[in-house]
Amino acid sequence: MYEHVSISFRFVFSYTHISVHLGLSSITQIAASCGEMKFNQYVLPDEEISQSATTTTGISFDGVSLYKEGEKHDAISLPRAMEKFSLWLQNYDNPILVSHNAKSFDSVVFMNSVSKTGVKFENIIGFVDTLPHFKDLLPGEKSHSQSSLVHDAGFSYEAHNALDDSVALERLLQFYNVSKSTMLTFSFPLSYVLSVLNYRKCKSVNATSLSHLVTAKVLSKFMMEKFAGSGLSYQHLKLSFERNGSQGVESLFKEQTNGKPRVTRCKKIISAVCNHFLDSARGGNKLLQQILCKFSFSSPFPKIHQQK
């Protein structure tokens, strides 16, 4: 078994147009804490920081310098920041990075940054997510966010400050006397994070290809994301229709995956998508017009113009 050291770590983000839930947001601060040893580095974002993000985090960027609540901070590029973090981690043998909601967010952002910069972190053996532990430990709590747990424990910290976040999590784990063996129960390897990151990137590409169907009210945003998450893009829809008409689209949506439909069995939703292609054919798309002639059908579904 590995001898390891647990290091609380956290990122602060610019919350720009890249979806935050994908874990691909621009990093503006990297911090970590392990007892008396601290790491804290502000990072120059590679995108503009919106006003709403500045209101939330207090961080702003004028294109040259980074500010926190109006105070200028020394900030460096993401590659340099990641190199400094990697060098700092070399002080430890087999470190495990610990964060609240790490499995869904911080670990994914970290591995995305590793992928973008090419910086090596060869001594990290995995991550720990403290969120599921506190859900098990305190099932009656209304909220298991770190800020709520810290408040209930009787101390406070500066939100949207990565170093304060890291130190607060350390204190929280000490307050509840969480052992290393308990934390390892909620650990996961780097390979898991890479698979999640690849899935989210693929979903993002698929969602982009389907976004015009949401604008046209053919699909709801929820159904579009479900379709994108199933690994399918607009091109898959179009190809299914070109090959087998409405039946092809229906088969694609209803394809069984682990005993459940890949997307949905809902006839109303399938009808809306089929009508979209039928309208495209009637609107002058010569290839789709040939499809209509080939199958000699009109839509087997009732015509609807808006999905509610």
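This is a predicted model: local features need pLDDT of at least 70, side-chain atom pairs count only at pLDDT 80 or more; totals for chains, interfaces and linings use all residues.

So, at what angle do helix α10 and helix α11 pack? The angle is about 140°, and the axes of α10 (residues 234-254) and α11 (residues 267-282) are 10 Å apart. Axes here are lines fitted to C-alpha atoms, for helices over the stretch in contact, and angles run from 0 to 180 degrees between N-to-C directions.

Residues are numbered from 1 along each chain as its sequence is written, and side-chain values use heavy atoms, with hydrogens and water left out.

Back to our pair. At that angle, α10 and α11 are therefore oblique to each other; under 35 degrees would be roughly parallel, over 145 roughly antiparallel, 65 to 115 roughly perpendicular, and the rest is oblique. Who meets whom? On the α10 side we have, among others, Leu237, Phe241, Val249 and Phe253, and on the α11 side residues including Ile270, Val273 and Phe277. Contact means heavy atoms within 4.5 Å. The residues of this contact divide into 11 nonpolar, two polar and three charged. For that count, Ala, Val, Leu, Ile, Met, Phe, Trp, Tyr, Cys and Pro are nonpolar, Asp, Glu, Lys and Arg are charged, and the others, Gly among them, are polar.

Zooming out, the protein chain has 12 helices and 12 strands. Of its 308 residues, 48% count as buried, meaning under 20% relative accessible area, with exposed over 50% and partly exposed in between (1.4 Å probe, protein chains only). And among contacts between residues at least 6 apart in sequence, 67% join residues at least 24 apart.

Now the cores. A nonpolar core is a set of buried Ala, Val, Leu, Ile, Met, Phe, Trp, Tyr and Cys residues joined through side-chain atoms within 4.5 Å. The largest one has 32 residues, and Ile30, Phe85, Phe110 and Phe121 have the most contacts inside it. Elements supplying at least two residues each include β1 (5-13), β2 (27-34) and α8 (190-215), but α3 gives the most, with seven. Apart from that core lies another, of 24 residues, and Leu237 and Phe277 are among them.

Next, look at Phe127, in strand β9 (residues 126-129). Is Phe127 buried or exposed? Phe127 counts as buried, because its relative accessibility is 0%. Beyond its neighbours within four places in sequence, Phe127 is in contact with residues including Phe9, Phe110, Phe186 and Phe188.

Phe186 itself sits in the loop between α7 (180-184) and β10 (187-188), and counts as buried at 18% relative accessibility. Its C-alpha is 7.4 Å from that of Pro132, 54 residues away along the chain.

Glu69, in the loop between β5 (66-68) and β6 (71-73), has a positive phi near 55° without being a glycine, and counts as exposed at 61%. Asn101 has a positive phi too, about 75°, and is in the loop between β8 (95-99) and α3. At 28% relative accessibility, Asn101 counts as partly exposed.

Conventions: Helices (H or I, at least four residues) and strands (E, at least two) are DSSP runs, numbered from the N terminus.
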